[in-house]
Amino acid sequence: MTLTLIYDGECPFCQAFALRSELAAGVPDLSIVDGRQAPELRRQLLDQGLSLRNGAMLIDGDQVWHGSAAIAELSSRMQPSDALLKVLHRMFRHRGRAAFFYPALLLARRIALALKGLSPDPDS
């Protein structure tokens with residue numbers, strides 16, 4: 001089954017992480033989706049109480065991880081070949097550490113989107 005990462009394609013940090021993950025993370029069958037370009041998928045996730053505003057999502061069948069849990073789960077599955085992903089793998093593969101650092105990532109995302117004149121919530 002395909003593992004799917006839904007990220008904010010307008011966020012330069014999110015985009016860099018997602019593209020790097022697709023190319024160099026060593027996660028079999030990883031599919032990445034720009035959540036801003038997938039309104040129907042966003043609506044389905046919103047119906048489950050999951051908003052792109054609050055972070056990336058990782059889907060594996062019926063299982064959905066959101067925010068820091070999504071990054072922790074993806075990081076724990078990585079076998080990165082790239083130096084930056086190796087650092088991120090070590091930093092975020094544990095849920096406690098991911099939960100601790102994730103608010104800073106959300107803040108950086110919000111600042112980057114504000115500088116582009118975009119809302120952090122594509123559904124607002």
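In the predicted model, Arg36 touches Tyr7, Asp8, Glu10, Arg42, Leu52, Arg109, Leu113, Ser119, Pro120 and Pro122, leaving aside residues up to four places away in sequence; contact here means heavy atoms within 4.5 Å. Local features of this predicted model require pLDDT of at least 70 and side-chain atom pairs count only at pLDDT 80 or more, whereas totals for chains, interfaces and linings use all residues. Residues are numbered from 1 along each chain as its sequence is written, and side-chain values use heavy atoms, with hydrogens and water left out.

Arg36 is located in the loop between β2 and α2 (39–47); helices (H or I, at least four residues) and strands (E, at least two) are DSSP runs numbered from the N terminus. With a relative accessible area of 17%, Arg36 is buried. The classes are buried under 20% relative accessible area, exposed over 50% and partly exposed in between, for a 1.4 Å probe and protein chains only. Asp29, in the loop between α1 and β2, counts as exposed at 53% relative accessibility. The C-alpha atoms of Asp29 and Thr4 are separated by 8.4 Å, and the two residues are 25 apart along the chain.

Thr4 has Ile59 of β3 as its bridge partner. β1 and β3 (residues 57–60) run antiparallel and are joined by four bridges; two strands are taken to pair if DSSP finds at least two bridges between them. The open sheet consists of four strands in the order β2-β1-β3-β4, with mixed pairing. Because β2 (30–34) and β4 (63–66) stand at the edges with a single partner strand each, one side of each is left without a neighbour in the sheet. On average, neighbouring strands of this sheet are turned by 20 degrees against each other, direction ignored. Helix α3 (residues 68–77) packs on the sheet and touches β1, β2, β3 and β4, its direction making about 110 degrees with that of β4. Axes are lines fitted to C-alpha atoms, for helices over the stretch in contact, and angles run from 0 to 180 degrees between N-to-C directions.

The largest pocket has a volume of about 460 Å³. Of the 21 residues lining this pocket, Phe13, Cys14, Phe17, Ile71 and Leu105 are the closest to its centre. A pocket is an open set of points on a 1 Å grid over the protein atoms alone where a 1.4 Å probe fits, with protein on both sides within 12 Å along at least five of seven lines, and lining residues have an atom within 4 Å of a point. Grid points are joined across faces, edges and corners, and the volume is the space filled by probe spheres set on the points. At least two lining residues come from each of β1 (3–7), α1 (12–24), α4 (83–92) and α5 (95–115).
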